[in-house]
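Student: Could you show me how to read a protein model, one feature at a time?
Tutor: Gladly! Let's look at it together.

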Amino acid sequence: MRLNSPQINLITKACMKASRSLIRDFGELENLQVSSKGPGDFVSSADKRTERILIEELQKAHPDYGIITEETGIINKSNLNNKWIIDPIDGTMNFLNGIPQFAISIGYEEDGEIKCGVIFNPILNEMFCAEKGNGAYLNNSRIRASNKKKLKDSIIVTGGPKGDSKIREKIFSEYIKVSNNVSNVRKFGSAALDIAYVACGRFDGYWQREINYWDIAAGIIILKEAGGFVNFFDENENLPLKKNILATNSNIHEELMSLINKKDIE
Ligand code: IPD
Ligand code: CA
Ligand code: CA
């Protein structure tokens with residue numbers, strides 16, 4: 001079985017269409033132009049083209065919906081009650097280095113709540129999707145977060161800090177603190193896939209500061225529908241699209257949250 005609703009069908013079709021040129025580009029990386037958005041933040045012509053195709057496809061079905069995208073910003077500001085949240089390539093640095101750990105990520109939010117989401121890694125042909133109340137899937141199979149009970153046995157994934165982060169030291173010390181209390185910490189370079197991997201039990205948890213909403217929007221519903229927990233901490237109401245996220249299986253959430261909140265380096 002797999003999810004089969006109009007919204008999911010629309011998103012997966014858009015992903016399939018946009019991924020054709022993405023796969024081609026991945027095979028011919030040397031021809032890609034790259035520009036820099038800021039320290040450590042790159043955008044390639046593939047990001048822009050993928051985003052254009054996704055927007056075109058989604059707008060054909062719902063011209064009135066709002067859209068928040070990484071490369072273009074906000075489209076159709078007048079309807080933000082129904083909106084797509086798009087990251088055309090999450091893991092651009094991996095993509096540009098020929099590492100097949102990147103994905104298209106699309107979430108659909110209604111009245112402030114993410115209702116469905118798709119994360120698609122076109123190189124591994126892995127499509128993670130979920131819809132509220134209907135479970136989470138990887139291709140045709142139902143997925144569930146892991147059942148690992150102890151933090152000390154868990155594999156945790158994270159990302160950052162970005163080059164221009166003002167809290168680099170805090171992020172590094174948090175990394176040490178978590179590393180000292182879990183089995184292993186990984187950095188894979190795609191936040192969307194990091195959460196998707198928690199949803200299917202490959203990792204037991206994920207946390208990251210200063211992440212953009214489009215990196216994680218689709219992942220939120222996928223993990224929740226897979227039985228995992230997601231929460232945002234240290235929120236800044238002036239920056240609603242910047243998040244600090246903790247996303248784990250249902251067993252280790254509290255323990256990892258208190259560890260992150262603990263002041264001293266252990
Ligand atoms: C980045 C990736 C990375 C995370 C960064 C994101 P991008 O997205 O998700 O894992 O650590 O914070 O910006 O730039 O490849 O779309
Ligand atoms: Ca991203
Ligand atoms: Ca991106």
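Student: Which strands form a hairpin, and how many residues lie between them?
Tutor: Helices (H or I, at least four residues) and strands (E, at least two) are DSSP runs, numbered from the N terminus. Two strands pair if DSSP finds at least two bridges between them. Here E1 and E2 form a hairpin with 2 residues between them, and Gly40 in the turn has a positive phi of about 70°. Strand E1 (residues 34-38) and strand E2 (residues 41-44) run antiparallel, joined by 4 bridges. Gly38 has Asp41 in E2 as its bridge partner.

Student: What should I know about the model itself?
Tutor: It is a predicted model, where local features need pLDDT of at least 70 and side-chain atom pairs count only at pLDDT 80 or more, while totals for chains, interfaces and linings use all residues. Residues are numbered from 1 along each chain as its sequence is written, chains are lettered from A and ligands numbered from 1 in the order in which they are written, and side-chain values use heavy atoms, leaving out hydrogens and water.

Student: In what order do the 8 strands of the open sheet come?
Tutor: In a regular strand the side chains alternate between the two faces of the sheet. The order here is E4-E3-E5-E6-E7-E8-E9-E10, with mixed pairing. Strand E4 (73-75) and strand E10 (141-142) are the edges, each pairing on one side only. Inside the sheet, strand E6 (residues 103-110) pairs with strand E7 (residues 113-121) in the antiparallel sense over 7 bridges; Tyr108 has Cys116 in E7 as its bridge partner.

Student: Which residues are the protein donors of the calcium ion (ligand 2)?
Tutor: Donors are N, O and S atoms within 2.8 Å of the metal (3.2 Å for Na, K and Ca); water is not among the atoms, so sites may look incomplete. For this ion they are Asp87 (OD), Asp90 (OD) and Asp215 (OD), at 2.0 to 2.2 Å. Asp87 also bridges to the calcium ion (ligand 3), and the two ions lie 3.6 Å apart. Asp87 lies in strand E5 and Asp215 in helix H6 (residues 213-225), so the pair ties together parts that are 128 residues apart in sequence.

Student: Are Asp87 and Asp215 buried or exposed?
Tutor: Buried means under 20% relative accessible area, exposed over 50%, partly exposed in between (1.4 Å probe, protein chains only). Both Asp87 and Asp215 are buried. Helix H5 (residues 191-199) is mostly covered too, with 9 of its 9 residues buried, including Tyr197.
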